[in-house]
Amino acid sequence: MAKVNEQLMQELASPAYDEARRRIYVALDVDSESRALALVDRLAPVVDGYKVGLELFHRAGMRLVESLLKLNLRVFLDVKLHDIPNTVAGALRAIAQYPVEMVNVHASGGLKMLAAAREAVDGSPHRPLLVGVTVLTSLTDADLESMGVGTTASAWVRRLAQMAQQTGLDGVVCSAHELDIVREVTTPAFERVVPGIRLAGDAAHDQARVMPPDEAIRRGATRLVLGRAVTEADDPVGSLARYLRSVREGLSHE
Ligand SMILES: O=c1ccn([C@@H]2O[C@H](COP(=O)(O)O)[C@@H](O)[C@H]2O)c(=O)[nH]1
């Protein structure tokens, strides 16, 4: 296994995969700093983009983010801020003291919150990309109905993407199923960050709106989040290879 993995790592680190690697973040959804750094240690010869989400952030905080930044890694801080404008802006001013590549807020926080969020990062020493979470990829139309949202996931994503663009955000987080809609209502340079990525046959876990990497890229995803399908696989490097090959396949049709 070790020798096979070494060959795979060499293949994935080759220039042929440069663009595919640039398009991904591996989600470090683990419960300790040491587990996170062990994963990074294993994948870093290939992957330089990592997502720090709510579990790890509440375990290890900005200290872990600083460790990743010191390793010259790209960090997507997935803290999904959702609060009143003043509080979100303050949190973003604190985060933007660090050179994280991307950070997010819930687009459903409303136009005033989104505008305050954008102003906060605009005035920061390290201007991170600011993206708005639209409809979580774990939700179905039936879930939205039961919550009284009164519209479908695709219609809600359309409106939230319009609001994110209108307030000057750099992009949105959406499922691959809404990429056409997001592209329809936003400019081409608008980031479309897509979690809920699964190859056919892989477990969807708690995700509802999933899609394979090649198809997501073909439909216009600019960045993909790879999570448990890689990090919880028996062979994470082998799984990363399957996913990166699929990203590359998608890019060949872009
Ligand atoms: O709508 C959203 C927004 C964020 N996420 C995050 O992405 C990863 C996906 O992990 P998987 O293991 O590939 O399911 C996870 O960290 C979520 O917090 C999302 O899934 N959907």
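The model is predicted: local features need pLDDT of at least 70, side-chain atom pairs count only at pLDDT 80 or more, and totals for chains, interfaces and linings use all residues. Residues are numbered from 1 along each chain as its sequence is written.

First, the record. An unreviewed UniProt entry places "domain: Orotidine 5'-phosphate decarboxylase" at residues 23-243. Such annotations may be inferred rather than shown by experiment. This span is 43% helix and 17% strand, and its end C-alpha atoms lie 12 Å apart. Helices (H or I, at least four residues) and strands (E, at least two) are DSSP runs, numbered from the N terminus.

Now the ligand. Around the ligand are 16 residues, each with its C-beta atom, placed from the backbone, within 6 Å. Ala27, Thr137, Pro195, Gly227 and Arg228 come nearest. The shell has 7 nonpolar, 6 polar and 3 charged residues. Ala, Val, Leu, Ile, Met, Phe, Trp, Tyr, Cys and Pro count as nonpolar; Asp, Glu, Lys and Arg as charged; the others, Gly among them, as polar.

Next, helices H5 (residues 85-95) and H6 (residues 111-122). Their axes come within 8 Å and cross at roughly 25°. Axes are lines fitted to C-alpha atoms over the stretch in contact, with angles from 0 to 180 degrees between N-to-C directions. So H5 and H6 are roughly parallel, the word for angles under 35 degrees. The contact includes Val88 and Leu92 of H5, and Met113 and Ala117 of H6. Contact needs C-beta atoms, placed from the backbone, within 7 Å. By class, 9 residues here are nonpolar, 1 is polar and 3 are charged.

Last pair: H3 (residues 33-43) and H4 (residues 54-70). They pack at about 45°, axes 9 Å apart. Among the residues in contact are Leu37 of H3 and Leu64 of H4.

Note on methods: Angles under 35 degrees count as roughly parallel, over 145 as roughly antiparallel, 65 to 115 as roughly perpendicular and the rest as oblique. Two residues are in contact if their C-beta atoms, placed from the backbone, lie within 7 Å.
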